Amino acid sequence: MAFVQFNKVSLAFGDRDILKNVSVNLAAGSKAALTGANGTGKSTLIKVMAGLVSPDDGSRAVSKDARIAYLPQSGLTHHGCTLREEADKAFAFGYKLQEELDKIGDDLKAGIGNQKVLLERHDEIINEMESSGFNRRNVTAEQILIGLGFSHEDLDRNCEEFSGGWQMRIALAKNLMVNPDILLLDEPTNYLDIEAREWLEKFLNNYAGGFLLVSHDRYFLDHTINEVYELFNGELHRYPGNFTHYEKVREVELETLIKEYEKQQEEIRHLQEFIDRFGAKATKAAQAQERQKMLDKILEHEIVIPESLKKIHFKFPQAPHSGRLVATLEKVTKSYDGEKKVLDNLDLLLENGDRLVVAGHNGAGKSTLLRILAGVDPNFEGSVKLGAGVSIGYFSQDNAETLKGSATILETIEAEAPLDLIPKLRDMLGAFLFRGDDVFKSLDVLSGGEKSRVALLKLLLKPVNLLILDEPTNHLDMHSKDVLLEALKDFGGTVIFVSHDRGFIEELSTRVLELKPGKFRTFPGDYRYYMERIEREANGEEVSSEQLAISNGKGGVPQLAGSGSGTAFTETRSKPASQVLPLSGRSIPRNTPNQSEKSDARLSYEEKKKYEAEKRKAEKRVSQIEAEIAKIEEEKSLEENKMANPEVYSNGEKAKAVQARISELSAKLDELNAQWEEAAMQLEEFN
């Protein structure tokens, strides 16, 4: 079994320890995420794993013939050939094997060399080429490229024609085509739209090899990984379960640390205030010096907590009052070439308080619609009428281009902020990844991503009542997205937005506008309802509100949805049939109270007694399975830790035995999880 192992790996840049005694094992079946605050060294660790950076201390062991693929965050470009030809380069290893195979055939024919050895090697190569997928390379390449959003027409385009984001999709596609034993992916979702992310999610779920990835998309992580490695202060800690489960466990672990941190920060503030106040006074100089010594001692052992656990919350400036109808779009039509219509007779009513997400594939007209509504693009047919008192705030990635000059980030934000938010600006800048001396950078030296974050924060500080947001979560980490999401939920106005972050969309949206070339439909209700509707339609099922029974996110019963090309339909949906509640890191459907068909008043004494007995039996069954799962998870963790021991990974027989036990325990966990889900569903029948 292929594996990559690290034992007590350490790496320092100058006087800063990036990695301290890091041990980890990745093998076939590993589905892991690497997390940590920005700047903690995640990308560096992945480069060490890929063999691109050498550690100062420790050992790295890779099984014989293990194929490792690594995707960096950015910077890869392709040129000099078509997309189809570039994709074929991913199979260079197979062509090399083919050359060796041909030579062996010639030697066998000529009677050169040890015939037995040659025949054995011949069989090895045949098997390796088959298992690697080389013989199916053309079909594989096309499937992966189409899955990541390329069209059939794109396959014969020159690579130079693709933008930077699409260049990274090419690089990701090539990594997947190789079918490596271990995949190391640093922010693979950065340049993917929501459809491509969903395709990659399914790919990784069916992937036989092992992978470790960094991503700021919580939804994507929750649906692809089953263990999390956190890099914190140079040390690496493992947490079994999905990402949401890790966050809950980690927050509980750090409750005490946070309290100590807050207590220490208060002490630091008091000491610093005394030093600043009396340090220059001769009568207090001795006391100030004494407190300086105390402060220096505290700072030597200053507590550091992850940025994601520093709770930052801010509210938008009060949204100006507006009428119920915020915007009315009638027969809006847009074409860039005079022939193909991106938008065709689009009608839309935007009401006060709406959180409308615009969904659709690339090229469907999402950004075009937002530009028209924001007044940035006046070249269209039809009409856009804003309601009384509507004031617009518009954000797109193009906003970054307007930020120029020698002013610092802090100065730029201070110039936009209302007086009551001035004291909170440093925390807000921290939430948008500008920490420490970063706030004193001038606009002219900022990267495109940094400028986008500044432009977004500037917009959020303006008193508007209609926010038009085109990909606001780009260039934000998970913590920043959470801060933005909470602020948008509390926003007193209306939001229309485009995003490729599934979790962000599901948390914020209350209506969905679906765009297809020349067509549109609106769906009252949240994004989950929309996705189930689309899935049922794709399966050819007749969809009714009774079948779906999904909450609209507001508790109301929506009545009207529109469709392009002069048609309309009405949807009425019932209240939610079920909701999902977490239990021990897993999720089970739970009926709402008003749906329970059990009524104590209607049960006889004997029936009630039997009912309670069955319920206790179901509860006991769930508890027993959960206890067994915890026991197996602990045993698996111990076995995995053994793989970081040189005495094990340097001994082929021992390593093989440990890997076999890990596989056995993994299979047992899968079986127990299935039993748990069945038992939990049975228990829910009693609630």
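**Notes on the predicted model**

1. Let me begin with a strand pair. Strand β10, covering residues 325-335, is joined to β11 by 7 bridges, and the two run antiparallel.

2. For context, the protein has 22 helices and 22 strands. Its chain counts 687 residues, of which 47% are classed as buried. Among contacts with a separation of 6 or more, 68% come from residues 24 or more positions apart.

3. Next, a helix pair. Two packed helices are described by the angle between their axes and the distance between the axes. Helix α5 (residues 137-147) packs against helix α7 (residues 194-205) at an angle of about 135°, and their axes are 9 Å apart. The two are therefore oblique to each other, as an angle has to be over 145 degrees to count as roughly antiparallel.

4. Which residues make the contact between α5 and α7? On the α5 side they are Gln143, Ile144 and Gly147, and on the α7 side Ala196, Trp199 and Phe203. By class, the residues of this contact divide into 4 nonpolar and 2 polar, with no charged residue.

5. On to the rings: a search of the whole structure finds 11 aromatic pairs. In one of them, Tyr95 and Phe134, the ring centres are 5.1 Å apart and the planes stand at 85°, so the pair is edge-to-face. Tyr95 sits in helix α3 (residues 92-110), while Phe134 is in the loop between α4 (115-132) and α5, so the pair ties together parts that are 39 residues apart in sequence.

6. Are the two partners of that pair buried or exposed? Tyr95 counts as partly exposed, with a relative accessibility of 34%. Phe134, at 2% relative accessibility, counts as buried.

7. Tyr527 and Tyr530 also form an aromatic pair, this one tilted, with 5.4 Å from centre to centre and 45° between the planes. Both tyrosines lie in helix α18 (residues 527-538), 3 residues apart, which is about one turn of the helix. Tyr527 is buried at 3% relative accessibility, and Tyr530 is buried at 6%. Together with Phe523 and Tyr529, these two residues form one aromatic cluster.

8. Finally, do have a look at Phe3, which is placed in strand β1 (residues 3-13). With a relative accessible area of 12%, Phe3 is buried, the cut-off being under 20%. Phe3 and Lys64 are 61 residues apart in sequence, and their C-alpha atoms are 8.8 Å apart in space.

9. What does Phe3 touch, leaving aside its neighbours within four places in sequence? Its contacts are Asn25, Leu26, Ala27, Ala61, Val62, Ser63, Ala66 and Gln659.

Definitions and conventions:
Residues numbered from 1 in each chain as written. Predicted model: local features only at pLDDT ≥ 70, side-chain atom pairs only at ≥ 80, totals over all residues. Heavy atoms only, no water. Pairing = 2+ DSSP bridges. Helix = DSSP H or I, 4+ residues; strand = E, 2+ residues; numbered from the N terminus. Axes fitted to C-alpha atoms, helices over the stretch in contact; angles between N-to-C directions. Parallel < 35°, antiparallel > 145°, perpendicular 65-115°, else oblique. Contact = heavy atoms within 4.5 Å. Nonpolar A, V, L, I, M, F, W, Y, C, P; charged D, E, K, R; others polar. Phe/Tyr/Trp six-rings, centres within 6.5 Å; stacked < 30°, edge-to-face > 60°. Buried < 20%, exposed > 50% of the residue type's maximum accessible area, 1.4 Å probe, protein only.
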